[in-house]
Amino acid sequence: MTLDQALAFAIVIAMMVLFAWGRWRYDIVACLALLAAVAVGIVPPAEAFKGFSDDIVIIVASALVVSAAVAKSGLIERIVRQFGPYLTTVTRQIAALVGSVTVLSGFVKNIGALAMLMPIAFQLARRSGTTPSSLLMPMSFGALLGGLVTLVGTSPNIIVARVREQILGEPFSMFDFAPVGIGIAAAGFLFLLFGWRLLPQDRKGAASMDSAFNLEGYTTEVSVPEDSPAAGQTVKALEGLDDNEIEVITLLRGDNRRYEPAGNVVIKTGDILILQGEPSALESIVALEKLKLVRDEKSQERDTPSDEIGVMEAVIASNSELVGSSVGQIKLFDRHGVNLLAVSRRGRRITHRLRGVKLKAGDVIVLQGNLPTMPETLGELHCLPLAERDLRIGRQASLFPAGVLIAAMALVAFNVVPVAIAFFGAAVILVLARSLSLRHAYDAIEWPILVMLGALIPVSDALRTTGGTDLIAAWLSHAGAALPSYGALALLLVAAMAVTPFLNNAATVLVMAPIAASFAAKLGYNPDPFLMAVAIGAACDFLTPIGHQCNTLVMGPGGYRFSDYARLGLPLSLIVIAVGVPLIALVWQP
């Protein structure tokens, strides 16, 4: 062992210890590893930051932006909610939710797929009395399984493709992962349909923001435009579209002629409806039926960029100028540049048009306006801002983001452009088309992950250039020489699974993929199946809540303990090994 190899090993081992310790965040640990590698001379200063210009960083960031745009389009919620009335048992709910997140994770980043379906899981759990803990962990595991199917589903696949390009001159393509990934995902899905019973049923998650506010429902005012599907429907039919989660309080027609909202009253174009319901239900019905929020907004031009426009909730304080005044008298847009979208009042139903409602201290209001200046505006109005929630009342469901995603994947699949260009272009187009504001685009990017990737790429390369990976591969080859090819595959897959909880899945691949390639070369095998084994092992951390962001995301809401993950994750890990190793050997032939 040379001095440079010893230094490289020392830095990697120290990095793994710090990752496992958890005192410092993984991006800080990665930066320390990079600084140490530069300080001891195994990474030249001129190459210290080359990782930040690597295609991996661009692909991961762009995929996160595209995923966020698809999530905000409302398309997925719209599709899944159509099946809501039929999902009356836990097994059906697991089948729908896990199946949806598994399929979706093959096309968008798995953490994004899980995040966009979690609100629907909570909604189904509340309606049916199912404990959220029965749904969330299976969904997280399904997201991990679905990410195995395509290049962009999970970071390990992207990184392994880069390593293959360095070794063989050509990366894995978009669907090279599909034959093995689909088989493992299908086997895992079948297990989760029944395996959820292994989870404890007494877990209670942290209170959601909605339950913390304990709102009885917002009241908002909408009009029925000509192209609205609601025109011609009865009030009862409209209320039933979202499982009666919204209620039509009042119907106004013509010169404010008021109709009792009886179920058989037919809604007509131009009607004004006073709706009451939870924000998510109002958002859904406004989007699905193409209803138009009635706002106090004038036709004057705005000076505010569209990406700075957003909504915020606030409580009216007792000394507010709004107390005792009606919305129409206040002229919020003329005086403060904000629109009132909805009102929530405890203990009383609001049946009048919003412009005629006299506001009271304690009312919760939803205001739309310039987000950077909103806190100042709320201060002037003596309103107390509530903790931020992702309210999307008034936004329409859109097919455009999904179309852009499909186009990007097609360009990559047919080798028209590289994956980095395709997804970077898709992200730019979605921002330009206002499918996602600049604010939300930057919020969607997981900057700590990008910093970790950029910092660790030179460290990983140093392990290879110093001959460290060849040395480890030689040690492994002594153990693997006595094993058949599928035994050597299983060895690497299990090793990646074991290391991931402590090293983070992306870091695991950066360290182990070069070792796997050298290991295969020492034994005279094709490197592809061994790279696949590392990618699958690193992507399948089912044993802890810390190895992947998906598992961390559901821990609090599901009320899980650390040990709960192994109850469902250990048998699933064994299934992945039992199914994955033969499939890798069959498809890639070591």
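The lining of the second largest cavity divides into four nonpolar, five polar and two charged residues, with Ala, Val, Leu, Ile, Met, Phe, Trp, Tyr, Cys and Pro taken as nonpolar, Asp, Glu, Lys and Arg as charged, and the others, Gly among them, as polar. The volume of this cavity is about 90 Å³, where a volume is the space filled by probe spheres set on grid points that are joined across faces, edges and corners. By this rule there are four cavities of 30 Å³ or more.

The model is predicted, so local features need pLDDT of at least 70 and side-chain atom pairs count only at pLDDT 80 or more, while totals for chains, interfaces and linings use all residues. Residues are numbered from 1 along each chain as its sequence is written, and side-chain values use heavy atoms, with hydrogens and water left out.

For the protein as a whole, the secondary structure comes to 25 helices and nine strands. Of its 590 residues, 54% count as buried, a term for under 20% relative accessible area, with exposed meaning over 50% and partly exposed in between (1.4 Å probe, protein chains only). The accessible surface comes to about 24,600 Å², of which 60% belongs to carbon and sulfur atoms, by the Shrake-Rupley method with a 1.4 Å probe. Among contacts (heavy atoms within 4.5 Å) with a separation of 6 or more, 80% join residues 24 or more positions apart.

Helix α9 (residues 178-195) has 18 residues and spans 24 Å from its first C-alpha to its last, close to the expected 26 Å, which is 1.5 Å times one less than the number of residues. Its buried residues, including V180, I184, F191 and L192, pack against α5 (90-105), α7 (133-146), α23 (527-539) and α25 (564-588).

Helix α25 also holds S573, which is buried at 6% relative accessibility and, leaving aside neighbours within four places in sequence, is in contact with M497, F542 and L543.

A30, in helix α2 (residues 26-40), is buried at 0% relative accessibility; its C-alpha lies 9.6 Å from that of I457, 427 residues away in sequence, and, not counting residues up to four places away, A30 touches M452, A455 and L456. A402, in helix α16 (residues 400-413), is buried at 18%; the C-alpha atoms of A402 and S67, 335 residues apart along the chain, are separated by 9.3 Å, and beyond its neighbours within four places A402 is in contact with V70 and L75.

Two loop residues remain. H382, between α15 (374-381) and β9 (383-385), has a positive phi near 55 degrees although it is a residue other than glycine, and H382 is partly exposed, with a relative accessible area of 37%. R434, in the loop between α17 (419-432) and α18 (438-444), is not a glycine and has a positive phi of about 65 degrees; at 64% relative accessibility, R434 counts as exposed.

Definitions and conventions. Helices (H or I, at least four residues) and strands (E, at least two) are DSSP runs, numbered from the N terminus. On a 1 Å grid over the protein atoms alone, a cavity is a set of points where a 1.4 Å probe fits but cannot get out, and a pocket is an open set with protein on both sides within 12 Å along at least five of seven lines; lining residues have an atom within 4 Å of a point.
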